[in-house]
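Subject: Structure handover

Hello,

Here is the structure for your files.

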Amino acid sequence: MYQFDRQAYDKRMEWYRDARFGMFIHWGLYAIPARGEWVRSVEEIPKEDYMQYFEEFDPVDYDPRAWARAAKEAGMKYMVLTAKHHDGFCLFDSQYTEFKSTNTRCGRDLVREYVDAVRAEGLKVGLYFSLLDWYHEDYPHYGDQNHPMRNNPAYGNENRNFDNYLTYMHNQVRELCTNYGKLDLLWFDFSYGQLRGEAWKATELVQMVRSLQPDVIIDNRLEVSGQGYGSLADGNPTPYHGDFVSPEQIIPPNGICDVNGEDLAWEACVTMNNNWGYCATDHYFKPASMLIKKLVECVSKGGNLLLNVGPDARGNIPEESMERLQEIGRWMKKNSRSIYGCGKAGIEKPDFGRVTRKGNHLYFHVYENTIGPLPLTGVKQEEIKAIRYVATGAEIPISTSWVHTDYPNIVFANLGPDPVLLDDVDTVVEVILKEE
């Protein structure tokens with residue numbers, strides 16, 4: 001009978017809960033058609049037609065050190081790359097398939113270069129691995145929920161042996177856990193329909209992973225998709241429970257708790273535009289100001305933000321993405337203290353923004369100024385040791401103005417006469433509480 005080891009769990013999760021901000025990278029053959037990473041499924045492209053992209057793949061500008069630097073300068077602490085996505089193409093030199101980057105024109109093990117680059121920048125190394133595989137002959141084709149040939153009866157499943165596929169899939173995961181040094185995070189994607197948990201031989205898979213990478217953090221998608229919380233949340237963890245919940249393209253309205261009301265680790269994975277993989281016509285990019293506030297929102301609810309980039313066919317992160325990463329980085333350089341190691345504040349969200357907390361430090365994220373002094377609801381004056389701007393360290397005095405005499409139980413901070421905030425995106429005010 002599996003026994004959940006809370007102490008071991010908390011230990012391996014320490015860096016992850018502190019990091020709060022990571023980069024997701026969706027990249028592969030689908031960068032060439034440039035219509036998103038699901039292009040083969042959405043357009044029901046046969047394998048032989050998709051192979052033109054394999055023959056063409058040659059990312060001459062691929063420089064993972066530049067990617068890692070961009071992530072680091074944005075204030076990110078970890079990175080997750082699609083070692084294999086649903087189309088089955090491997091960015092690593094797997095001995096179990098010919099459908100890999102080392103057999104393309106580029107002739108390189110792109111995962112090896114990536115892990116070396118990420119480590120060189122001092123960031124945590126994460127790899128994404130799809131449980132699905134639209135290239136492998138033993139993976140279900142006709143009638144499957146997602147396979148490109150799901151509607152084509154000529155691709156029946158009579159002679160397909162799913163156990164063969166599981167052996168193949170486990171072997172590839174073993175390669176990733178054996179050949180690339182210490183992995184900090186392994187991001188499986190995803191379960192659906194009847195293909196959940198033990199359908200993937202998930203207990204065996206995780207036991208193998210943990211034997212090779214005892215400290216690695218694993219997401220919850222051996223059990224669920226982007227929907228669902230998994231067995232750790234249910235209070236009855238399986239051997240393949242996820243270490244964190246992985247909501248996709250949404251930030252949970254109230255964070256995520258288990259059945260007993262205890263906070264769970266979670267990570268919102270979010271695109272900058274509307275696609276994970278490179279899409280040449282998708283210019284619907286979220287403003288950097290919005291992304292900064294969404295990072296703050298995740299942290300204020302006890303979660304992480306995994307923000308995606310989709311490099312193009314040459315290996316370049318799109319200019320729109322780079323611009324946003326740089327703007328986020330400028331804010332993080334001044335205000336990261338209010339993000340790293342922070343979480344829920346335990347006080348009500350103020351009208352003007354959000355609050356994060358680390359120990360006896362409260363961080364009031366002020367998105368818009370108030371008329372009159374700034375109310376610090378949830379804090380008593382006798383608890384306060386000091387108030388400072390995070391970006392500059394400048395002292396902020398407690399207000400003694402007559403205008404808030406009708407609210408004697410609320411502490412007000414005097415931000416001065418200028419109605420314009422120091423940072424028009426998010427001005428962070430640190431309230432340092434006295435040690436108990």
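**Cavities and pocket**

The largest cavity has a volume of about 40 Å³. This is a predicted model, in which local features need pLDDT of at least 70 and side-chain atom pairs count only at pLDDT 80 or more, while totals for chains, interfaces and linings use all residues. Residues are numbered from 1 along each chain as its sequence is written, and side-chain values use heavy atoms, with hydrogens and water left out.

On a 1 Å grid over the protein atoms alone, a cavity is a set of points where a 1.4 Å probe fits but cannot get out; a pocket is an open set with protein on both sides within 12 Å along at least five of seven lines; lining residues have an atom within 4 Å of a point. Grid points are joined across faces, edges and corners, and a volume is the space filled by probe spheres set on the points.

Searching the whole structure gives two cavities of 30 Å³ or more. The lining of the largest cavity consists of Asn220, Tyr229, Leu232, Ala233, Gly242, Asp243, Phe244, Val245, Leu264 and Ala265. By class, that lining has seven nonpolar, two polar and one charged residues (Ala, Val, Leu, Ile, Met, Phe, Trp, Tyr, Cys and Pro count as nonpolar, Asp, Glu, Lys and Arg as charged, and the others, Gly among them, as polar).

The second largest cavity has a volume of about 30 Å³. Its lining includes Trp27, Tyr30, Lys84, His85 and Phe89, and the classes there are four nonpolar, three polar and two charged residues.

The largest pocket holds about 330 Å³ of space. It is lined by 23 residues, of which Phe190, Arg221, Ser225, Gly226 and Glu248 are the closest to its centre. The pocket lining has eight nonpolar, ten polar and five charged residues.

**Cores**

A nonpolar core is a set of buried Ala, Val, Leu, Ile, Met, Phe, Trp, Tyr and Cys residues joined through side-chain atoms within 4.5 Å. Buried means under 20% relative accessible area, exposed over 50%, and partly exposed in between (1.4 Å probe, protein chains only). The largest core has 120 residues, and Met79, Tyr114 and Val173 touch the most other members. Another core, of 20 residues, lies apart from it and has Val355, Val379, Leu421 and Leu433 among its members.

**Single residues**

Ser101 sits in the loop between strand E2 (78–84) and helix H5 (110–120); helices (H or I, at least four residues) and strands (E, at least two) are DSSP runs, numbered from the N terminus. Ser101 counts as buried because its relative accessibility is 0%. Its side chain reaches the backbone oxygen of Arg108 at 2.6 Å.

Asn360 is in the loop between strand E8 (353–358) and strand E9 (361–366). With a relative accessible area of 17%, Asn360 is buried. The side chains of Asn360 and His361 make a polar contact of 3.4 Å (a pair of N or O atoms within 3.5 Å; within protein, one must be able to donate a hydrogen and the other to accept it, and residues adjacent in sequence count only if both atoms are side-chain atoms). Leaving aside neighbours within four places in sequence, Asn360 is in contact (heavy atoms within 4.5 Å) with Val431, Ile432, Leu433 and Glu435.

Met1 lies in the segment before helix H1 (6–19) and, at 95% relative accessibility, counts as exposed.

Regards
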